Amino acid sequence: MTVDPPPPQVWPTLRARDARGLIRFLVDAFGFEEVMVSAEGDLVHHAQLRWPPGGGIMLGSVRDDPEDPWPLQPGTFGGYVVTDDPDALCARAVAAGAELVQEVRDTDYGSRDFLVRDPEGNRWSFGTYRGEPYQS
């Protein structure tokens, strides 16, 4: 029986009014790493950002197209990201312009976490809770 989680294969995705600006913000404020950006000028078709401890997100520019098969609206994303140092990350995020929604706090389930909003309005929760181990 193994209790190690598998490598991440769920890719949260979001759209942005200013995708290039959001990419810069996510890198500067939170520490995501830019893996690739496919773009024409300011229109980002697809971008992939890596979260150094594991996992990542994908994003692109919002499209004004009624035929868009992925019509996500900017500012509607919410995600939880594991971090070992929420206090330092919160300070970094706020210094970079993140809107603090909830201060760093200890939860009743053993996490230390905080909640911020990025310039597009998306909500990001960062904390130490890694989830329960898988058993297979």
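A residue is counted as buried when its relative accessible area is under 20%. In this predicted model, Arg-15 has a relative accessibility of 9% and is therefore classed as buried. The side chain of Arg-15 forms a salt bridge with Asp-68, with 2.7 Å between the closest N and O atoms. The two residues belong to distant parts of the chain, 53 residues apart: Arg-15 is located in strand β1 (residues 13-16), and Asp-68 in the loop that lies between β4 (56-61) and β5 (78-82). Asp-68 has a relative accessible area of 10%, so this residue is buried as well.

A salt bridge between exposed residues is provided by Arg-130 and Asp-84. Here the closest N and O atoms are 2.7 Å apart. This pair, too, connects distant parts of the chain, with 46 residues separating Arg-130, in the segment after β8 (123-127), from Asp-84, in the loop between β5 and α2 (86-95). Both partners are exposed.

A further salt bridge joins the side chains of Arg-112 and Asp-106, at an N to O distance of 3.0 Å. The relative accessible area of Arg-112 is 27%, and this residue is therefore partly exposed, whereas Asp-106, at 57%, is exposed. Arg-112 and Asp-106 also take part, together with Asp-87, in a network of salt bridges.

In total, eight salt bridges are counted in the model, among them the Arg-15 to Asp-68 pair, the Arg-130 to Asp-84 pair and the Arg-112 to Asp-106 pair.

Methods. Residues numbered from 1 in each chain as written. Predicted model: local features only at pLDDT ≥ 70, side-chain atom pairs only at ≥ 80, totals over all residues. Heavy atoms only, no water. Salt bridge = Lys/Arg side-chain N within 4 Å of Asp/Glu carboxyl O. Helix = DSSP H or I, 4+ residues; strand = E, 2+ residues; numbered from the N terminus. Buried < 20%, exposed > 50% of the residue type's maximum accessible area, 1.4 Å probe, protein only.
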